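Here are my notes for going through this one together. Keep the viewer open and click along as you read.

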Amino acid sequence: MTASLSIENLHAGYHGKNILHGVALELPAGSALTIIGPNGSGKSTLLKAVVGLLPLSEGRLLLAGQDISRLDAPARAQRAMAYVPQENNVFRNMDVADNLRMSGEFLQSARAASPLRARMDAMLELFPELRPHLRTSAGLLSGGQRQMVAMASALMQSPALLVLDEPSAGLSPRNAELLFVVIRRIRQTGVTLLMIEQNVRLGLSVADTGLVLVAGKVRRLGAATELAADSGLHHLYLGSGQ
Ligand SMILES: Nc1ncnc2c1ncn2[C@@H]1O[C@H](COP(=O)(O)OP(=O)(O)O)[C@@H](O)[C@H]1O
Ligand SMILES: [Mg+2]
């Protein structure tokens with residue numbers, strides 16, 4: 001499945017104080033956008049507002065052209081939006097198969113997706129690394145494997161829009177590279193992808209569009225290749241070393 005996302009003049013924050021000040025972007029169906037920016041600039045806040053965990057104080061969200069601004073998080077999930085938060089994104093005391101099954105059953109009755117079994121098989125084709133670990137508790141996996149379980153669980157819901165918050169956080173450089181190989185595979189399923197990534201090079205390498213968020217405002221929005229080639233960007237907004 002796939003769907004476009006439009007964010008219009010989005011303002012949101014905590015305890016009556018806005019963190020985001022008029023964020024706007026267009027994400028065509030099937031495309032990928034990576035958000036980069038310094039710590040505390042509001043990246044995670046933006047994703048929470050998109051998935052319905054934080055109310056908008058102003059602005060509008062359209063999924064496949066339909067206004068979803070007033071829907072809560074479960075209702076947005078029913079509209080085929082899946083979210084992988086940065087932390088606590090798997091059930092650590094459940095094995096990999098049960099993680100996938102539970103996530104797949106969550107929306108089973110609501111949407112006419114393919115049967116659970118078929119979706120499990122599709123996930124194991126997309127993430128063959130998980131196959132030997134189906135009966136392993138997710139808490140015993142490596143960080144990289146756990147992120148794969150989190151993404152596979154989200155994809156079990158057959159989302160049209162997949163929202164990822166810093167998938168490579170805490171991974172070794174090698175595991176981060178491997179995870180992005182998987183994200184490239186995910187893109188081939190056609191799902192629309194909205195992600196935050198602190199590894200600028202990797203994050204932009206899988207995206208069509210890059211967005212630099214600074215102090216709750218869009219500082220740059222452009223072709224990912226263009227942003228990736230801008231050496232000043234890393235220095236100005238993101239510190240050195242990436
Ligand atoms: N639950 C919360 N309550 C109050 N303030 C928050 C909460 N979560 C984040 N913030 C504040 O919002 C700002 C943006 O945070 P966040 O969106 O997490 O930034 P980023 O993901 O870009 O690092 C920060 O100043 C942070 O302290
Ligand atoms: Mg964050």
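**Notes on the helices and a few loops**

1. Start with a helix pair. Val 96, Asn 99, Leu 100 and Ser 103 of α3 touch Val 149, Ala 152, Ser 153 and Ala 154 of α5. Sorted by class, the residues in this contact of α3 with α5 are 5 nonpolar, 3 polar and no charged. Bear in mind as you look that this is a predicted model.

2. Now the geometry of that pair. Two packed helices are described by the angle between their axes and the distance between the axes. For α3 (residues 96-106) and α5 (residues 143-155), the angle is about 30° and the axes are 8 Å apart. That angle makes α3 roughly parallel to α5, since anything under 35 degrees counts as roughly parallel. The crossing of α3 past α5 is right-handed.

3. α5 passes α6 in a right-handed crossing. On the α5 side, the contact is made by Gly 144, Gln 147, Met 148, Met 151 and Leu 155, and on the α6 side by Leu 179, Val 182, Ile 183 and Ile 186. By class, the contact of α5 with α6 has 7 nonpolar, 2 polar and no charged residues.

4. Then there's α3 with α4. Their axes come within 10 Å, but the crossing angle is roughly 130°, so α3 and α4 are oblique to each other. The crossing of this pair is right-handed. From α3, the residues involved are Ala 97, Leu 100, Arg 101, Gly 104 and Glu 105, and they meet Leu 116, Arg 119, Met 120 and Met 123 of α4. The contact of α3 with α4 divides into 5 nonpolar, 1 polar and 3 charged residues.

5. Stay with α4 for a moment. Which residues in α4 are buried? In this helix (residues 116-126), they are Leu 116, Arg 119, Met 120, Met 123, Leu 124 and Leu 126. Look down the axis of α4 and these buried residues fall within an arc of 160°, so they line one face of the helix. What do they pack against? The buried residues of α4 pack against α3, α5 and α6 (173-187). Turn to the face away from the buried side, and you'll find the exposed residues Arg 117 and Glu 125.

6. Gly 190 sits in the loop between α6 and β8 (192-196). With a relative accessible area of 26%, Gly 190 is partly exposed, because that value falls between the cut-offs of 20% for buried and 50% for exposed. Setting aside neighbours within four places in sequence, Gly 190 is in contact with Met 1, Thr 2 and Gly 30.

7. Asn 9 has a positive phi of about 45° although it is not a glycine. Asn 9 belongs to strand β1 (residues 5-14) and is partly exposed, at 36% relative accessibility. Ala 64 has a positive phi of about 50°, and it is not a glycine either. Where is Ala 64 found? Ala 64 lies in the loop between β4 (58-63) and β5 (66-67).

Terms used: Residues are numbered from 1 along each chain as its sequence is written. Chains are lettered from A and ligands numbered from 1 in the order in which they are written. This is a predicted model: local features need pLDDT of at least 70, side-chain atom pairs count only at pLDDT 80 or more; totals for chains, interfaces and linings use all residues. Side-chain values use heavy atoms; hydrogens and water are left out. Axes are lines fitted to C-alpha atoms, for helices over the stretch in contact, and angles run from 0 to 180 degrees between N-to-C directions. Helices (H or I, at least four residues) and strands (E, at least two) are DSSP runs, numbered from the N terminus. Angles under 35 degrees count as roughly parallel, over 145 as roughly antiparallel, 65 to 115 as roughly perpendicular and the rest as oblique. A crossing is left-handed if the near helix is turned anticlockwise from the far one by less than a right angle, and right-handed if clockwise. Contact means heavy atoms within 4.5 Å. Ala, Val, Leu, Ile, Met, Phe, Trp, Tyr, Cys and Pro count as nonpolar, Asp, Glu, Lys and Arg as charged, and the others, Gly among them, as polar. Buried means under 20% relative accessible area, exposed over 50%, partly exposed in between (1.4 Å probe, protein chains only). The arc is that of the directions from the helix axis to the C-beta atoms.
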